[in-house]
Amino acid sequence: MPHLVSDTALIFGRYARQTLRSKPALIFGMVQPLLFLVLFGPLLTDLPLGGPAGSWQTIVPGVLVQLGLFSASFTGIGLILERRTGVVERMRVTPVSRLALLMGRVLKDVVLLLTQSLTLVCVAVALGLRAPVLGVAIGFVFVGVLTISLASLSYALAMRVSSPQGFAPVINSVTMPAMLLSGILLPMSLGPRWLDIASHFVPFRYLVDGVRAAFAGEYGDGKIALAALVATALAAVAVTLGARLFQQAGA
(Lines give C-alpha, C1' and ligand atoms only; values in the text may rest on other atoms or scores of the structure.)
Protein backbone atom coordinates (compact mmCIF):
# COMPACT_ATOMS: atom_id res chain seq x y z
CA MET A 1 0.00 0.00 0.00
CA PRO A 2 2.76 2.58 0.78
CA HIS A 3 4.34 1.71 -2.57
CA LEU A 4 1.02 2.24 -4.36
CA VAL A 5 0.42 5.58 -2.61
CA SER A 6 3.88 6.92 -3.44
CA ASP A 7 3.63 5.75 -7.06
CA THR A 8 0.16 7.32 -7.40
CA ALA A 9 1.48 10.60 -6.01
CA LEU A 10 4.38 10.48 -8.47
CA ILE A 11 2.09 9.94 -11.48
CA PHE A 12 -0.35 12.56 -10.20
CA GLY A 13 2.46 15.12 -9.93
CA ARG A 14 3.61 14.43 -13.49
CA TYR A 15 0.18 14.93 -15.03
CA ALA A 16 -0.73 17.83 -12.77
CA ARG A 17 2.36 19.73 -13.97
CA GLN A 18 1.53 18.80 -17.55
CA THR A 19 -2.01 20.12 -17.13
CA LEU A 20 -0.84 23.39 -15.58
CA ARG A 21 1.41 23.96 -18.58
CA SER A 22 -1.57 23.50 -20.93
CA LYS A 23 -3.55 26.63 -20.07
CA PRO A 24 -5.75 26.56 -23.24
CA ALA A 25 -7.03 23.12 -22.21
CA LEU A 26 -7.90 24.46 -18.75
CA ILE A 27 -9.82 27.38 -20.22
CA PHE A 28 -11.63 25.75 -23.12
CA GLY A 29 -12.69 22.78 -20.99
CA MET A 30 -15.08 25.13 -19.21
CA VAL A 31 -16.44 26.94 -22.25
CA GLN A 32 -19.50 24.74 -22.76
CA PRO A 33 -20.62 24.72 -19.08
CA LEU A 34 -20.12 28.47 -18.85
CA LEU A 35 -22.18 28.97 -22.01
CA PHE A 36 -25.00 26.96 -20.44
CA LEU A 37 -24.87 29.17 -17.36
CA VAL A 38 -24.65 32.50 -19.15
CA LEU A 39 -26.79 31.88 -22.25
CA PHE A 40 -29.19 29.08 -21.22
CA GLY A 41 -29.63 29.75 -17.50
CA PRO A 42 -31.31 33.17 -17.77
CA LEU A 43 -34.01 31.64 -20.01
CA LEU A 44 -35.16 29.51 -17.07
CA THR A 45 -34.83 31.88 -14.16
CA ASP A 46 -38.51 32.89 -14.24
CA LEU A 47 -39.76 29.30 -14.38
CA PRO A 48 -40.79 27.53 -11.15
CA LEU A 49 -37.96 25.00 -11.23
CA GLY A 50 -36.18 25.55 -7.95
CA GLY A 51 -36.92 26.31 -4.34
CA PRO A 52 -37.29 29.68 -2.66
CA ALA A 53 -33.84 30.75 -3.87
CA GLY A 54 -34.82 30.39 -7.53
CA SER A 55 -34.17 28.17 -10.51
CA TRP A 56 -30.39 28.43 -10.30
CA GLN A 57 -30.55 25.67 -7.67
CA THR A 58 -31.83 23.41 -10.46
CA ILE A 59 -29.67 24.67 -13.32
CA VAL A 60 -26.24 24.79 -11.64
CA PRO A 61 -26.22 21.22 -10.23
CA GLY A 62 -27.10 19.90 -13.68
CA VAL A 63 -24.26 21.87 -15.25
CA LEU A 64 -21.81 20.52 -12.65
CA VAL A 65 -22.80 16.92 -13.39
CA GLN A 66 -22.60 17.67 -17.11
CA LEU A 67 -19.06 18.97 -16.64
CA GLY A 68 -18.06 15.78 -14.84
CA LEU A 69 -19.86 13.54 -17.33
CA PHE A 70 -18.29 14.91 -20.49
CA SER A 71 -14.86 15.94 -19.21
CA ALA A 72 -14.15 12.67 -17.41
CA SER A 73 -15.49 10.53 -20.24
CA PHE A 74 -13.06 12.00 -22.77
CA THR A 75 -9.91 11.91 -20.65
CA GLY A 76 -8.81 8.71 -22.37
CA ILE A 77 -8.00 10.53 -25.61
CA GLY A 78 -4.80 11.86 -24.04
CA LEU A 79 -3.75 8.31 -23.18
CA ILE A 80 -4.28 7.20 -26.79
CA LEU A 81 -1.92 9.97 -27.93
CA GLU A 82 0.63 8.88 -25.32
CA ARG A 83 0.48 5.32 -26.63
CA ARG A 84 1.16 6.59 -30.15
CA THR A 85 4.17 8.64 -29.06
CA GLY A 86 5.70 5.84 -26.96
CA VAL A 87 5.14 7.39 -23.52
CA VAL A 88 3.20 4.38 -22.27
CA GLU A 89 5.89 2.01 -23.54
CA ARG A 90 8.55 3.88 -21.57
CA MET A 91 6.39 3.75 -18.43
CA ARG A 92 5.98 0.00 -18.78
CA VAL A 93 9.68 -0.63 -18.17
CA THR A 94 9.66 1.29 -14.88
CA PRO A 95 8.87 -0.37 -11.52
CA VAL A 96 5.86 1.90 -11.00
CA SER A 97 2.66 0.07 -10.04
CA ARG A 98 0.32 -0.46 -12.97
CA LEU A 99 -2.63 0.52 -10.79
CA ALA A 100 -0.83 3.73 -9.84
CA LEU A 101 -0.49 4.57 -13.54
CA LEU A 102 -4.28 4.62 -13.66
CA MET A 103 -5.08 6.18 -10.28
CA GLY A 104 -2.52 8.95 -10.64
CA ARG A 105 -4.19 10.07 -13.84
CA VAL A 106 -7.65 9.77 -12.29
CA LEU A 107 -6.64 11.82 -9.24
CA LYS A 108 -5.39 14.58 -11.52
CA ASP A 109 -8.73 14.59 -13.31
CA VAL A 110 -10.61 14.83 -9.99
CA VAL A 111 -8.58 17.84 -8.86
CA LEU A 112 -9.03 19.54 -12.24
CA LEU A 113 -12.80 18.95 -12.29
CA LEU A 114 -13.23 20.21 -8.73
CA THR A 115 -11.26 23.36 -9.57
CA GLN A 116 -13.44 23.96 -12.61
CA SER A 117 -16.56 23.24 -10.54
CA LEU A 118 -15.53 25.84 -7.98
CA THR A 119 -15.08 28.40 -10.75
CA LEU A 120 -18.50 27.58 -12.19
CA VAL A 121 -20.19 27.97 -8.81
CA CYS A 122 -18.51 31.35 -8.30
CA VAL A 123 -19.84 32.51 -11.68
CA ALA A 124 -23.28 31.11 -10.81
CA VAL A 125 -23.31 33.02 -7.51
CA ALA A 126 -22.66 36.21 -9.46
CA LEU A 127 -25.61 35.32 -11.70
CA GLY A 128 -27.96 34.72 -8.78
CA LEU A 129 -27.31 31.29 -7.26
CA ARG A 130 -27.93 31.03 -3.53
CA ALA A 131 -27.04 27.70 -1.93
CA PRO A 132 -25.74 26.55 1.48
CA VAL A 133 -22.00 25.97 1.72
CA LEU A 134 -22.57 22.44 3.01
CA GLY A 135 -24.82 21.68 0.06
CA VAL A 136 -22.22 22.94 -2.41
CA ALA A 137 -19.54 20.84 -0.70
CA ILE A 138 -21.75 17.74 -0.96
CA GLY A 139 -22.27 18.50 -4.65
CA PHE A 140 -18.52 18.69 -5.17
CA VAL A 141 -18.11 15.29 -3.52
CA PHE A 142 -20.61 13.77 -5.96
CA VAL A 143 -18.83 15.39 -8.92
CA GLY A 144 -15.51 14.02 -7.66
CA VAL A 145 -16.87 10.48 -7.30
CA LEU A 146 -18.46 10.69 -10.75
CA THR A 147 -15.10 11.76 -12.18
CA ILE A 148 -13.35 8.80 -10.56
CA SER A 149 -15.88 6.41 -12.10
CA LEU A 150 -15.93 7.76 -15.63
CA ALA A 151 -12.23 8.59 -15.89
CA SER A 152 -11.33 5.04 -14.82
CA LEU A 153 -13.52 3.57 -17.55
CA SER A 154 -12.30 6.11 -20.09
CA TYR A 155 -8.63 5.23 -19.53
CA ALA A 156 -9.44 1.52 -19.67
CA LEU A 157 -11.20 1.99 -23.01
CA ALA A 158 -8.27 4.04 -24.29
CA MET A 159 -6.00 1.06 -23.68
CA ARG A 160 -8.29 -1.14 -25.79
CA VAL A 161 -8.69 1.06 -28.90
CA SER A 162 -5.99 2.25 -31.24
CA SER A 163 -7.18 5.69 -32.33
CA PRO A 164 -9.32 8.67 -31.25
CA GLN A 165 -11.60 7.83 -34.21
CA GLY A 166 -12.47 4.54 -32.53
CA PHE A 167 -12.69 6.08 -29.06
CA ALA A 168 -14.95 9.09 -29.63
CA PRO A 169 -17.97 7.30 -31.18
CA VAL A 170 -18.15 4.90 -28.22
CA ILE A 171 -18.07 7.74 -25.70
CA ASN A 172 -20.59 9.86 -27.62
CA SER A 173 -23.02 6.96 -27.95
CA VAL A 174 -23.03 6.59 -24.16
CA THR A 175 -22.74 10.14 -22.83
CA MET A 176 -25.36 11.80 -25.04
CA PRO A 177 -28.29 9.51 -24.08
CA ALA A 178 -27.08 9.59 -20.48
CA MET A 179 -27.14 13.40 -20.48
CA LEU A 180 -30.63 13.56 -22.00
CA LEU A 181 -32.09 10.94 -19.63
CA SER A 182 -30.42 12.12 -16.44
CA GLY A 183 -32.27 15.43 -16.25
CA ILE A 184 -29.15 17.55 -16.46
CA LEU A 185 -30.84 20.34 -18.38
CA LEU A 186 -34.31 20.11 -16.83
CA PRO A 187 -35.87 17.81 -14.20
CA MET A 188 -37.21 14.63 -15.82
CA SER A 189 -40.44 15.04 -13.84
CA LEU A 190 -41.36 17.81 -16.29
CA GLY A 191 -41.43 15.34 -19.19
CA PRO A 192 -43.93 12.62 -20.15
CA ARG A 193 -44.34 9.74 -17.74
CA TRP A 194 -42.67 7.14 -19.99
CA LEU A 195 -39.57 9.31 -20.27
CA ASP A 196 -39.48 9.87 -16.52
CA ILE A 197 -39.71 6.10 -15.94
CA ALA A 198 -36.92 5.40 -18.47
CA SER A 199 -34.65 7.92 -16.74
CA HIS A 200 -34.73 5.89 -13.52
CA PHE A 201 -32.57 3.27 -15.25
CA VAL A 202 -29.79 5.85 -15.73
CA PRO A 203 -27.62 6.13 -12.59
CA PHE A 204 -26.63 9.71 -13.37
CA ARG A 205 -30.21 10.82 -12.73
CA TYR A 206 -29.82 9.99 -9.04
CA LEU A 207 -26.60 12.00 -8.87
CA VAL A 208 -28.31 15.00 -10.46
CA ASP A 209 -31.24 14.73 -8.04
CA GLY A 210 -28.85 14.38 -5.11
CA VAL A 211 -26.80 17.44 -6.04
CA ARG A 212 -29.96 19.48 -6.54
CA ALA A 213 -31.27 18.41 -3.15
CA ALA A 214 -27.94 19.38 -1.56
CA PHE A 215 -27.93 22.81 -3.23
CA ALA A 216 -31.48 23.35 -1.96
CA GLY A 217 -30.48 22.35 1.57
CA GLU A 218 -32.88 19.39 1.56
CA TYR A 219 -30.72 16.94 3.48
CA GLY A 220 -33.43 14.71 4.90
CA ASP A 221 -35.65 13.72 1.96
CA GLY A 222 -33.56 10.68 0.98
CA LYS A 223 -32.32 11.94 -2.39
CA ILE A 224 -28.82 12.66 -1.09
CA ALA A 225 -28.57 9.28 0.62
CA LEU A 226 -29.75 7.49 -2.53
CA ALA A 227 -27.31 9.48 -4.66
CA ALA A 228 -24.48 8.56 -2.29
CA LEU A 229 -25.39 4.89 -2.53
CA VAL A 230 -25.54 4.97 -6.34
CA ALA A 231 -22.34 7.00 -6.63
CA THR A 232 -20.43 4.65 -4.33
CA ALA A 233 -21.65 1.54 -6.16
CA LEU A 234 -20.88 3.08 -9.55
CA ALA A 235 -17.38 4.07 -8.44
CA ALA A 236 -16.66 0.63 -6.98
CA VAL A 237 -17.75 -1.16 -10.17
CA ALA A 238 -16.07 1.35 -12.50
CA VAL A 239 -12.72 1.42 -10.70
CA THR A 240 -12.61 -2.37 -10.38
CA LEU A 241 -13.50 -2.91 -14.03
CA GLY A 242 -11.31 -0.05 -15.22
CA ALA A 243 -8.29 -1.23 -13.25
CA ARG A 244 -8.71 -4.79 -14.53
CA LEU A 245 -9.00 -3.76 -18.18
CA PHE A 246 -6.18 -1.25 -17.77
CA GLN A 247 -3.85 -3.91 -16.37
CA GLN A 248 -4.91 -6.60 -18.85
CA ALA A 249 -3.99 -4.24 -21.66
CA GLY A 250 -0.46 -4.12 -20.27
CA ALA A 251 -0.51 -0.52 -19.09
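Two notes before that. This is a predicted model: local features need pLDDT of at least 70, side-chain atom pairs count only at pLDDT 80 or more, and totals for chains, interfaces and linings use all residues. Residues are numbered from 1 along each chain as its sequence is written, and side-chain values use heavy atoms, with hydrogens and water left out.

Helix pairs, then. Helices here are DSSP runs (H or I, at least four residues), as strands are (E, at least two), numbered from the N terminus. Axes are lines fitted to C-alpha atoms, for helices over the stretch in contact, and angles run from 0 to 180 degrees between N-to-C directions.

Start with helix 4, residues 56–73, and helix 9, residues 164–181. They pack at an angle of about 165 degrees. Their axes are 10 Å apart. So helix 4 is roughly antiparallel to helix 9. For that wording, angles under 35 degrees count as roughly parallel, over 145 as roughly antiparallel, 65 to 115 as roughly perpendicular and the rest as oblique. The crossing of helix 4 and helix 9 is right-handed. A crossing is right-handed if the near helix is turned clockwise from the far one by less than a right angle, and left-handed if anticlockwise.

Which residues of helix 4 and helix 9 meet? From helix 4, Gln66, Leu69, Phe70 and Ser73. From helix 9, Phe167, Ile171, Thr175, Met176 and Met179. Contact means heavy atoms within 4.5 Å. By class, the contact of helix 4 with helix 9 has six nonpolar, three polar and no charged residues. Ala, Val, Leu, Ile, Met, Phe, Trp, Tyr, Cys and Pro count as nonpolar, Asp, Glu, Lys and Arg as charged, and the others, Gly among them, as polar.

Next pair: helix 7, residues 98–127, with helix 8, residues 133–158. The angle is about 140 degrees, and the axes are 9 Å apart. Helix 7 and helix 8 make a right-handed crossing. The contact of helix 7 with helix 8 divides into 13 nonpolar, four polar and three charged residues.

Helix 11 passes helix 12 in a left-handed crossing. Among the residues making the contact are Phe204, Tyr206 and Leu207 of helix 11, with Ile224, Leu226 and Val230 of helix 12. By class, the contact of helix 11 with helix 12 has 12 nonpolar, one polar and two charged residues.

Now the core. A nonpolar core is a set of buried Ala, Val, Leu, Ile, Met, Phe, Trp, Tyr and Cys residues joined through side-chain atoms within 4.5 Å. Buried means under 20% relative accessible area, exposed over 50%, partly exposed in between (1.4 Å probe, protein chains only). The largest nonpolar core has 60 residues. Val60, Leu64, Phe204 and Phe215 touch the most other members. Helix 4 gives the largest share of this core, 10 residues. Leaving aside neighbours within four places in sequence, Phe215 contacts residues including Val60, Leu64, Val121 and Arg130.

Last, some single residues. Val106 lies in helix 7. Is Val106 buried or exposed? Buried, at 1% relative accessibility. Not counting residues up to four places away in sequence, Val106 touches Ile148, Ala151, Ser152 and Tyr155.

Asp196 sits in helix 10, residues 193–199. Asp196 counts as buried, at 17% relative accessibility. Beyond four places in sequence, Asp196 touches Met188, Ser189 and Arg205.

Met159 is in the loop between helix 8 and helix 9. Met159 is buried, with a relative accessible area of 6%. Met159 and Arg83 are 76 residues apart in sequence and 8.3 Å apart in space, C-alpha to C-alpha.

Finally, Gln165, in helix 9. Gln165 is exposed, with a relative accessible area of 59%.
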